[in-house]
Amino acid sequence: MLTRLFRMHGLLVASHPWEVIVGTVTLTICMMSMNMFTGNDQICGWNFDCPKTEEQILSSDIIILTITRCIAIVYIYFQFQNLRQLGSKYILGIAGLFTIFSSFVFSTVVIHFLDKELTGLNEALPFFLLLIDLSKACALAKFALSSSSQDEVRDNISRGMAVLGPTFTLDALVECLVIGVGTMSGVRQLEIMCCFGCMSVLANYFVFMTFFPACVSLVLELSRESQEGHPIWQLSHFSRVMEEEEDNKPNPVTQRVKMIMSMGLVMVHAHSRWIAEPLSINTTVGIPQVGMELDHLSPRRIEPEKPLWHFYLTRMITMDIEQVICLALALLLAIKYIFFEQVEMESTLSLKNPITMSAPALTPRRTVETCCRKEPCAPRPLAPAPSVAALAPANKAERDEVIRPLSPPAADPQPKSVFVVGEEEEEEELKSKTDQPSLPTKPRSLDECVSILNNPELGPRFLSDAEVMLLVNSKHIPAYKLEAMMERPERGVAIRRQMISAKLPSPTALSSLPYTDYDYSKVMGACCENVIGYMPVPVGVAGPLHLDGKQFQVPMATTEGCLVASTNRGCRAIALGGGASSRILADSMTRGPVVRLPSACQAAEVKAWLESADGFQTIKEAFDNTSRFARLQKVLVGLAGRNLYIRFHSKTGDAMGMNMISKGTEQALNRLQQHFPELQVVAVSGNYCTDKKPAAINWIEGRGKSAVSEATIPAKVVREVLKTTTEALVEVNISKNLVGSAMAGSIGGYNAHAANLVAAIYIACGQDPAQSVGSSNCITLMEPSGPTGEDLYISCTMPSIELGTVGGGTHLPPQQACLQMLGVQGASQDCPGENARQLARVVCATVLAGELSLMSALAAGHLVKSHMTHNRSKVNLQETPGTCTKKAS
């Protein structure tokens, strides 16, 4: 209950940062202003002479207060020093903002309660500094900084508030109650100190719950890349911070002890203030009045000799020796912190985002003329790190810009393809060495390695690669958890490569498979396991594709020569013909479980119940309750003996939706078992879906997005661009795509090469390549058109395009870049599911362009020569007009 409440509070504050910031600042200023304008106008020393009774000021009190101030300054210094070692300028700035505003609120509260007596701040601030705790603020900031996009910042802040809020609230309550006991001591100085302590705790809590999360949300929102909206703070350094923080939740026993202690302290306060207080008041009734005797001590009004601001300025400037000592210490530590301290770790969240990578050695970089945005000023060798680790810089907009190769080591006979993402800065190379601990040349004993691994102050960073492999072989580190247990996921990948290479027929087999400079935090637990690298695939662009009044540049990841050029020619022909049009015919992902009944007759009864209005509504209610987007549209039921195959059709928003619909299917089957207890669920997928396999049911009933696109190509464009005639195209289409496919017994294969286009777009845009099996179902139709019948009408109908713009590989930065090219990255904010539908229309229209160009090449007899030109040697080949050359494309 409390967790949900704090989560809602965090989401509210993070979603409305401007309102919260302005509200808290206004409330604080109003409280200060109300006291200023409505409080007592008697200011001792300025317009009133306030005689004071002689008080003996002990030198020991002055010494204790001075020591307290110095300790408070040193305490704050060490807190910021620890924050600096995290390597984030953002956390430093946010923590500084938290401290400044907390001190402002604290000062306001002190002034409010002391009735403008600013001298009270002199004694109060040390207690504020001693009680301020930046660890919780830092933890909440790291929750926000672990977001991979701006959309996740608010959710992560709310998650952080849900984790940290209850603990911080209980801690603040206990601190106030414990410190508040001192206010009942009867010792005036102790009461004042404890009052200051309580004010400090409350001010910190108020700022942490309101102003601070709003500021974090606002700062990160304003820190986005101005052009592409990329977060410049996020890095794998904080990729698992939420899991770590949630795993480090406080001990429930400790929390219960704190609650019991709080209840006891509340009873103590209640007894002292509300029960004992009236008795002490009654005992003062018989005391004679002594007011008249103290008239000579009452203040007298005098004429002010200087303006009020000058009076306060004079009091602030006038300092005693102990104040001079504190100020000198603060200035000394500030100068040391800013100018003379070495940062232990380079800022991993600064605008120049260095990305850690593991490699045996890096040699001087060679200049690349075609791929680089900006070349380094001069080649510079990088020395290998002690534990197979080095750093390579990357640009500030994540790792989705440009892939650039590095020169292989000269000693290696086989070239190694090492890839760096983004532009480089020469000065970053000077900072590319990480402070690595000195490691022994020989592996230490197993027990010693285990103790280092389990030591929170040491950890895997203090183990060599050979020692880590020893721990893996001895089962102390699971091989599949290498990325998660190393200090950097990339090092885990590098160690796995070493272990695998030793078992391969060729130990250098992996030398050309790149693995560095990749954000594996987005892969772990989402896209791949036992990672040993990544596969760079060339990405081309075809376009502009004129579709539905818009223009699209279509990314295609492929290694098949001539495919992009051919598609580009088809896009040009469509554009010259006025563009293509498209429509979505249906939108529903399917899941087809198989269930078993005791007999075929009972199975028939269940089938009839599911197909009835009441039965479908019952199942729909259970299904729809599992997701905001999943909405059951219909069920198709097939029967084979006593087995029942139920095909659930559901909308899934912008997600491809297999996980979403599987969860809904499971709940629907549970509801079905409540009505038919004898029903047995054999499998949640009974191949009646059908997923990643050729199936007539997908071709007939559809799956995912069903789309159609069409275009009319003028006769002049057919002759001059496609180098053929409408009559020849129609004849080849009938003979090949229709009759030929029928002769082959094809299912959904009434096209020339739809799978080529679908697979290329799927790989570029983070889709599941295996789903190109069903998504390539397409029938291409061509017929003569126009007054003379010389124009060409072409259409492509694709009933089962399975794709999404959220989930799976769509959250990887390179794939997100390709989705952004098409304007469909992420979920549609205006109309859920629209981005996925738009992507399906683009896929269908791109298939139309590819079909148009390939069929033209077949009709003109240019297919073989064009592929030989792009894929094979050009020796003894005559360039024929109409081949997919630059001129033709």
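I began by counting elements, and the chain has 30 helices and 17 strands, where helices (H or I, at least four residues) and strands (E, at least two) are DSSP runs numbered from the N terminus. I noted that this is a predicted model, in which local features need pLDDT of at least 70 and side-chain atom pairs count only at pLDDT 80 or more, while totals for chains, interfaces and linings use all residues. Residues are numbered from 1 along each chain as its sequence is written, and side-chain values use heavy atoms, with hydrogens and water left out.

I then looked up burial, and 47% of the 889 residues of the chain count as buried (under 20% relative accessible area, with a 1.4 Å probe and protein chains only).

Next I followed strand S9 (residues 581-591), which pairs with strand S14 (residues 704-713) in the antiparallel sense over seven bridges; pairing requires that DSSP find at least two bridges between two strands. Ser582 has Ser709 in S14 as its bridge partner. S9 also runs antiparallel to strand S12 (residues 643-651), joined by three bridges, and there Thr590 has His649 as its bridge partner.

Last I turned to helix H25 (residues 726-743) and helix H29 (residues 834-860), which pack at an angle of about 100 degrees with their axes 9 Å apart (axes are lines fitted to C-alpha atoms over the stretch in contact, and angles run from 0 to 180 degrees between N-to-C directions). That angle makes H25 roughly perpendicular to H29, a label that covers 65 to 115 degrees. Among the residues in contact (heavy atoms within 4.5 Å), I listed Leu729 and Val732 in H25, and Met855 and Leu858 in H29.

Definitions and conventions:
Angles under 35 degrees count as roughly parallel, over 145 as roughly antiparallel, 65 to 115 as roughly perpendicular and the rest as oblique. Buried means under 20% relative accessible area, exposed over 50%, partly exposed in between (1.4 Å probe, protein chains only).
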